[in-house]
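Please read them with the structure open beside you.

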Amino acid sequence: MASTGSSLRIQGDDNLQSMLVGTVMRKIKSRTWKKQRYFKLQDDCMTIWYKSKKAGNTHSTFSVGDVEAIREGHQSEVLLSIADEFPPDRCFTVVFRGRRGNLDLVAESAEEAQSWIRGMKKLIENLENMGEREKLDQWIGDWFKKADKNNDGRMNFKEVQDLLKMMNVDMNEHHAHRLFTMADKSQSGTLEDDEFVLFYKMLTQREDVLRVFQEYSVDGQKLSLSDLEDFLREEQLEGGDIEQHAKQLIECCEPSETAKLLNAMTFDGFLMYLGSAEGSIFNPQRRRVFQDMSQPLCHYFISSSHNTYLMEDQLRGQSSIEGYIRALTRGCRCVEVDCWDGANGEPIVYHGHTFTSKILFKDVVNTVGNYAFKVSEYPVILSIENHCSVEQQRVMAQHLNHILGDKLLKRTLDGKAPIGLPSPEDLKGKILLKAKKIGGLEESFNGMVEDSMTGEVSDEDEAAEIDEDNLHRESVRHRIKRSRQRLSKELSDYVVYCKSVHFSSFKHSRIHSKFYEVASFTESKARKHLREAGPEFVHHNSRQLTRVYPSGFRTDSSNFNPQEMWNTGCQIVALNFQTAGEGMDLNDGLFSQNGNCGYVLKPSFMREAEKGFDPEMPQKHDRYQPVVLTVQVISGQQLPKVNIKEDSIVDPLVRVEIHGVPMDQAKQETRYIENNGFNPVWYDTLRFTIHTPELAMVRFVVEDYDKTSKNDFVGQFTLPLSCMQQGYRHIHLLSKDGTSIPPSSLFVHIRITELE
């Protein structure tokens with residue numbers, strides 16, 4: 001079973017051995033909530049179990065698969081707050097995937113902390129390096145443990161029936177009993193390890209894949225090298241050296257050594273190939289950085305976060321450095337910092353005029369410095385909304401300089417007056433400031449800037465924008481007057497390529513604006529401009545950066561649909577990263593290509609100033625080449641249960657959504673399959689005409705059909721049309737949080753053809 005492979009790896013690893021014995025550590029929730037818990041790694045080497053030291057208390061568990069990272073030392077809000085009490089070498093943080101809260105722990109000694117830190121990292125690494133076959137074994141083993149209620153290592157028929165319900169299978173008793181008897185080779189009336197694996201395999205037989213396999217297999221038993229080449233060429237539409245590729249697939253996916261010697265692929269190997277990254281809908285070649293990164297900054301879409309410090313809503317939620325860590329480790333490249341005067345001369349960060357909690361500006365800068373380049377080496381933009389006095393602005397400048405050092409871009413790259421924006425390649429490893437500036441870049445080269453001048457408060461101030469949106473709530477009722485604000489020269493000098501300015505009109509911008517000026521729009525203002533002057537907006541964005549952020553009405557931290565902003569080439573489309581849903585699915589989908597580096601090159605017709613692309617009328621541009629996307633939704637595999645009720649089983653349907661220019665926006669659904677979340681089969685075909693394929697995003701959503709109320713969300717996967725592989729493909733579904741939920745998948749057939 002699953003644990004055999006892992007137990008071999010554990011022998012000889014002292015850290016894992018001591019985790020199996022268990023340790024008492026303090027779980028910390030705040031300065032005042034510090035309680036001892038007994039932590040222990042279970043024998044499956046996949047589950048951490050912990051409970052209070054008091055007898056009789058319930059225990060908790062979490063799976064190593066749910067852990068994203070282990071942070072050492074005081075690297076969370078909570079552990080920073082008790083830094084004076086416990087040294088960093090005894091502290092560590094378990095960070096979970098998705099939006100689940102962290103687990104902050106303090107060990108009794110530095111050695112014990114290291115033992116758990118190294119052990120957990122090893123377990124995470126083991127899991128990440130697992131092959132598809134091992135993952136499947138692991139998954140089967142997990143189910144076996146869940147179903148074996150009396151822990152006797154075997155499963156009777158009643159336990160098997162309960163298991164089928166847990167697994168989302170509605171199978172009549174007669175059929176279930178027949179499979180049970182066939183798998184019970186020892187005729188003991190129970191299933192043990194290998195018998196259960198056999199039962200599971202019979203349960204998960206893939207008739208849909210077998211049908212494809214037999215269509216291409218000459219003898220019906222295996223795919224010869226030439227059979228596999230035919231399949232890759234005719235069905236998967238692959239180019240390049242197909243013979244070489246077929247050999248590689250046999251080498252990496254075929255479990256049978258005999259078949260490998262014959263240069264052939266068995267059905268098991270074919271199933272492994274279709275379940276791997278090669279057989280997935282997302283083209284693996286586009287997962288790494290593959291785009292030209294040497295174009296001006298304004299030629300890229302940039303993954304951007306709004307009010308990054310907030311973990312919850314916009315009015316009363318918690319502010320935390322955790323927001324910055326999470327955004328940056330998801331590849332976000334533009335984070336927002338709202339700065340206000342704080343006590344003891346220290347600037348603070350929070351959502352002004354609301355009840356959100358406050359954090360220190362210097363802690364934010366420290367965090368950004370530590371996490372900016374962990375997942376991407378390309379530049380990070382700090383979007384500063386500055387409400388501080390000149391004195392505290394000077395303190396901000398000092399913190400930025402002392403903490404970030406050479407990472408902070410303090411002057412133009414070559415020390416000369418520039419004529420255009422540098423590229424992400426030029427700015428690797430640099431943190432740029434986007435804020436108000438005294439005068440322009442040119443003045444700083446001819447010594448025109450005085451010591452302290454006044455600059456106009458720019459339109460990007462959200463406090464002013466909330467008022468404009470007439471949001472009359474208790475906490476934001478301050479009337480904000482347009483005032484002139486004094487800026488400190490020290491802070492202003494660090495603003496180089498991203499000067500925040502007030503936007504007047506596209507005509508004014510065309511004549512007067514400089515390439516380094518950045519205008520910010522609320523979503524409603526941006527929408528008004530794109531409807532009234534789409535081509536001008538596109539032209540404006542081919543020359544300079546634009547930031548769009550959510551309306552002040554979205555106090556619940558909901559998100560707008562970023563697609564309509566991308567359609568006009570807006571680069572910095574700021575979303576509430578803490579809120580799951582369609583907006584973040586599209587953002588994750590767009591930026592999952594190009595190495596998840598946070599920069600995606602815009603289509604060529606949006607980068608050339610003289611080309612008049614109009615998102616409302618895409619057929620008018622000279623590179624207009626519409627396509628037809630045909631999706632055959634064939635089947636689903638092991639969809640997660642959504643309803644907590646014991647006996648409820650999913651009635652799944654699949655919706656395919658196209659997000660793109662207005663003409664391309666479309667949704668179509670399959671029918672729903674009653675009571676089968678385990679292996680539903682549709683064979684439903686959906687067709688879409690797409691006028692601007694370069695901008696189109698495709699979102700696959702699985703829902704649990706409910707005729708009396710709103711359907712429940714089951715899983716989704718979103719990707720750019722340009723990253724789609726054709727032919728027979730698996731779509732590995734993601735949860736609402738954007739984390740993977742193996743082995744849940746859809747099996748589809750994809751064709752993209754030019755419109756006749």
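1. A residue is called buried here when its relative accessible area is under 20%, exposed when over 50%, and partly exposed in between, using a 1.4 Å probe and protein chains only. The model is predicted, so local features need pLDDT of at least 70 and side-chain atom pairs count only at pLDDT 80 or more, while totals for chains, interfaces and linings use all residues. Residues are numbered from 1 along each chain as its sequence is written, and side-chain values use heavy atoms, with hydrogens and water left out.

2. Helix α4 covers residues 110–128, and its buried residues are A113, S115, W116, I117, G119, M120, L123, I124, N126 and L127. From first C-alpha to last, the 19 residues of α4 reach 27 Å, close to the 27 Å expected at 1.5 Å a residue (the expected span being 1.5 Å times one less than the number of residues).

3. Q138 lies in helix α5, residues 132–147, and this residue counts as buried because its relative accessible area is 7%. Between Q138 and K122 there are 17 Å in space, C-alpha to C-alpha, and the two are 16 residues apart in sequence.

4. The axes of α10 (residues 225–235) and α11 (residues 242–253) come within 9 Å and cross at roughly 110 degrees. That makes α10 roughly perpendicular to α11, a term for angles of 65 to 115 degrees. In contact, meaning heavy atoms within 4.5 Å, L225, L228, E229, L232 and R233 of α10 meet I242, E243, H245, A246, K247, L249 and I250 of α11.

Key: Axes are lines fitted to C-alpha atoms, for helices over the stretch in contact, and angles run from 0 to 180 degrees between N-to-C directions. Helices (H or I, at least four residues) and strands (E, at least two) are DSSP runs, numbered from the N terminus. Angles under 35 degrees count as roughly parallel, over 145 as roughly antiparallel, 65 to 115 as roughly perpendicular and the rest as oblique.
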